[in-house]
Amino acid sequence: MTGGPDAVVVADFDVDGHPDIATSAIRGAPAIATGRGDGSFSPARSLEWLYGQGGAVADFNVDGRPDLAFADIGYPEANIYLNWTGLPAPPCVVLDRRGDRLPTAKNYIRLGGCRLGHVRYRYSRTVGKNRVISLRPPIGSVLPSLSRVDLVVSRGRRS
């Protein structure tokens with residue numbers, strides 16, 4: 001297959017606030033062009049090893065990020081790209097921020113390729129007020145890009 005696309009889908013695949021375009025076939029393989037925010041797009045990047053037709057966007061794994069699906073040519077199956085669209089997306093690495101003040105911990109969560117999840121507050125006899133007691137998932141976890149990291153933060157000592 002060397003023809004043009006038979007489907008075009010639009011979503012914010014790189015989660016930068018600008019719509020991106022995915023096509024079912026450029027030179028025989030699905031491709032993605034990222035939006036620049038000014039109405040223009042980057043050159044299309046091909047997913048070289050796969051041949052596909054049609055196309056759909058949905059959050060198939062319910063993680064808050066758009067995923068791509070293309071029908072496989074000649075086979076009764078679909079190829080689904082979970083959070084992976086040929087775009088660079090660093091993994092989320094859960095760093096040890098225990099003892100850090102909350103603003104510092106939030107910044108390092110973002111720098112680790114993650115996003116802040118729930119923040120819960122508990123009293124602590126050993127950890128100072130507004131400092132991180134624990135993180136979840138466990139420290140050292142490597143997760144898909146923009147996974148959530150939950151924090152437990154100290155309220156200080158109970159009076």
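At 1% relative accessibility, Ala22 counts as buried, and its place is in strand β2, residues 20-26. The model described here is a predicted one. Setting aside neighbours within four places in sequence, Ala22 is in contact with Ala7, Val8, Val9, Phe13, Ala31, Ile32, Leu68 and Phe70.

## The chain as a whole

Along the sequence they follow the pattern β-β-β-β-β-β-β-β-α-β-β-β-β, with α1 spanning residues 102-111.

Of the 159 residues in the chain, 35% count as buried. If you take the contacts with a separation of 6 or more, 48% of them are made by residues 24 or more positions apart.

## The nonpolar cores

Which residues make up the largest nonpolar core? There are eleven of them: Cys92, Val94, Leu102, Ala105, Ile109, Cys114, Val132, Leu135, Val149, Leu151 and Val153. At least two residues of this core come from each of α1, β10 (132-136) and β12 (148-154). Another core lies apart from it, with seven residues that include Val9, Ala22, Leu68 and Phe70.

Leu151 touches Leu102, Ala105, Ile109, Leu116, His118, Val119, Arg120, Val132, Ser134 and Leu135, once residues up to four places away in sequence are left out. Leu102 lies in helix α1 and counts as buried because its relative accessibility is 11%, under the 20% cut-off. Beyond its neighbours within four places, Leu102 is in contact with Tyr121, Asn130, Leu151 and Val153. The C-alpha atom of Leu102 is separated by 9.7 Å from that of Val152, a residue 50 positions away along the chain.

Three strands form an open sheet with mixed pairing, in the order β9-β12-β10. The edges are taken by β9 (115-122) and β10, and each has a single partner strand, so one side of each is left without a neighbour in the sheet. On average, neighbouring strands here are turned by 20° against each other, direction ignored.

How do β10 and β12 run, and how many bridges join them? They run antiparallel, joined by four bridges. Leu135 stands opposite Leu151 of β12, and both leucines belong to the eleven-residue core. The helix α1 lies across β9, β10 and β12, and runs at about 165° to β12.

## Charges over rings

Two arginine side chains are placed over tyrosine rings. The charged end of Arg97 sits over the ring of Tyr108, at 3.9 Å from the ring centre. For Arg155, the charged end sits over the ring of Tyr123, and here the distance to the centre is 5.8 Å. As for aromatic pairs, a search of the whole structure finds zero.

## Backbone features to check

Most residues other than glycine have a negative phi, and most peptide bonds are trans. Asn130 is not a glycine, but it has a positive phi of about 65°. Asn130 is placed in the loop between β9 and β10, and it counts as partly exposed because its relative accessibility is 35%. This asparagine is also one of the contacts of Leu102.

The other place is the cis peptide bond that joins Arg136 and Pro137, with omega about 5°. Pro137 is found in the loop between β10 and β11 (142-143).

## A serine in a loop

Is Ser42 buried or exposed? With a relative accessibility of 15%, Ser42 counts as buried. This serine lies in the loop between β3 (29-33) and β4 (45-46). Its contacts, with neighbours within four places in sequence left aside, are Ala33, Thr34 and Arg36.

Methods
Residues numbered from 1 in each chain as written. Predicted model: local features only at pLDDT ≥ 70, side-chain atom pairs only at ≥ 80, totals over all residues. Heavy atoms only, no water. Buried < 20%, exposed > 50% of the residue type's maximum accessible area, 1.4 Å probe, protein only. Contact = heavy atoms within 4.5 Å. Core = buried A, V, L, I, M, F, W, Y, C linked by side-chain atoms within 4.5 Å. Pairing = 2+ DSSP bridges. Axes fitted to C-alpha atoms, helices over the stretch in contact; angles between N-to-C directions. Phe/Tyr/Trp six-rings, centres within 6.5 Å; stacked < 30°, edge-to-face > 60°. Lys NZ or Arg CZ within 6 Å of the ring centre and 35° of its normal.
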